[in-house]
Amino acid sequence: MNTPPEASTDDSTFVQSLARGIQVIRAFGAETTEMTLSDVARATSLSRATARRFLLTLEELGYVHSTGRTFSLTPKVLELGFSHLSSLTLPDAAKPHLERLTAITGESTSAAVLDGTDVLYIARVSARRIVTTSIDVGTRLPAYATAMGRVFLSALDDDDLDVALDRSAMRQLTPRTVIDRDLIRAEVERIRKQGWALVDREALEVGLRAIAAPVYRDGKVVAAINVSASAREGMPSSVLGRYKEPLLQAANALTEDLRHLVY
Amino acid sequence: MAPTDDSSSAQSTPPAYVKSLARGLDVIKAFDSENPQMSLADVARATDMTRASSRRFLLTLEELGYVRAIGREFVLTPKVLEIGNSFISTLPFFGRVRHHLAELSVQVSESTSAAILDSSDIVIVSRVPHQRLVSVSLALGTRYPAWMTATGRVLMATLDPEALEATLANTSFDRRTEHTVTDLEELRTLIRQAGEQGWSLSDGEIDQSLMTVAAPISDGDRVVAAINVAAPAHRESSEEFVARVLDPLLATAEHISSELDTGSATS
């Protein structure tokens, strides 16, 4: 469902020289600031003749500097997407994944961070048919009553969870809001095990259901993303369960992207 | 300007030249802040290639994880940052500068950055934004003409006289603001001063609303970069700015330099 326009990849479309050239650039690093032709050939598993062609091409293009025997990278390498992407923020990074997730599910998708005892929406992609919810970037909802919020709560240890619930001033936001601590603890335990959270009309009167999953950076949950839908008459809450796989895939892909972000 | 096929090679290029590498890298370069998301047709237009060629490069980059398709359009993925990081991590001060810049930023409550000299430009290689300056987006890899920045003057002061004159001879002195110093004699004086006093100030020369003060960092043998503090120009005079941030800046530069010196001596 995500094939790019005009077809799929096959061996004849793959440009080997591009892959190898990038591999040569990436062979340089903290421990390999300067390399000889043999070093580069060894690091990339290319023949000396091939490595030489790529190094000379990169030198011609200004990405590599040669001092006779050794080669090093030049700052021009930063023009290869780096300058453009280095100021990428968490919302920027989340957006393409949410767009994809909305394309797959046909539902609205969001990303949020935890701010105190609230989830704070930092990115959102609306499904076209939904016009009624008031949720937008900047919206805050209490963590204890939302799927994304419970994802954050489930990342806390038991003591910190108690502290968070103490500070939360839990109240009955809708007839379905769970405010019993033991029930919330049990739910949190379940989320820890299964890796996702499902909440059915607990936070907003308009009746929103959401399924949410965690996004990690350096081993910590830094964001949550969700798929949400208005609860339509006669629709079982389990219907969101079928979005579980694409949701988890998107959360993992965003986690992977965040590994590369520059602080 | 008919787009040529990927297999054709231009007469002027050497036989070893790998044309499809050059073109593939051009596809990456075509994405920028103005064009973060492009269709196949957009990419073909921006790189002066056929749609068929640009499609092959985009699909290859997608396969490698550097490009992602969203509907009918393409974006670069953050994995692309690894390519630039290969360069950043070859810098001798890689991994040591940023936390010092962060401390300095907290200490003076301003944004800080580090830059290197690349012929007649400076290139930002590390930066710590201060919240007050959220509007100033200073992307890593951003280039400025060295001669009109405090950082550039500090770095140009380390060039030998011939290299300095060669760099200045290669430069067009285009004014950015009414404060930009474009007189060659005055620039030589500013650069000499930067070398003698070990720091430099630029007040509203790149941007009316910005002041910068910079100092060099050295690995014991040579100056490898310069660090700077930038502040909005409207809040205080340049004298007040220098009085406020110069000592912390110089102390940080000295601290980094001594770490680099020790680091290179023990390695």
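Which residue in S3(B) does Ile70(B) stand opposite? It is Glu73(B). Before going on, some conventions.

This is a predicted model, in which local features need pLDDT of at least 70 and side-chain atom pairs count only at pLDDT 80 or more, while totals for chains, interfaces and linings use all residues. Residues are numbered from 1 along each chain as its sequence is written, chains are lettered from A and ligands numbered from 1 in the order in which they are written, and side-chain values use heavy atoms, with hydrogens and water left out.

Helices (H or I, at least four residues) and strands (E, at least two) are DSSP runs, numbered from the N terminus. Strands pair if DSSP finds at least two bridges between them. In chain B, S2 (residues 67–70) pairs antiparallel with S3 over 4 bridges. Their hairpin has 2 residues between the strands, and Gly71(B) there takes a positive phi near 60°. S3 (residues 73–76) is also joined to S1 (residues 37–39), again antiparallel, by 3 bridges. In that pairing Gln37(B) faces Val75(B).

Now the interface. Contact (heavy atoms within 4.5 Å) involves 61 residues from chain B and 56 residues from chain A. The two chains bury about 5400 Å², 66% of it on carbon and sulfur atoms; that area is what the parts lose in accessible area (1.4 Å probe) on being put together, summed over both.

There are 4 salt bridges across it, meaning a side-chain nitrogen of Lys or Arg within 4 Å of a carboxyl oxygen of Asp or Glu. One of them joins Arg143(B) to Glu79(A), with the closest N and O atoms 3.6 Å apart. On the chain B side, H3(B) gives the most, with 9 residues.
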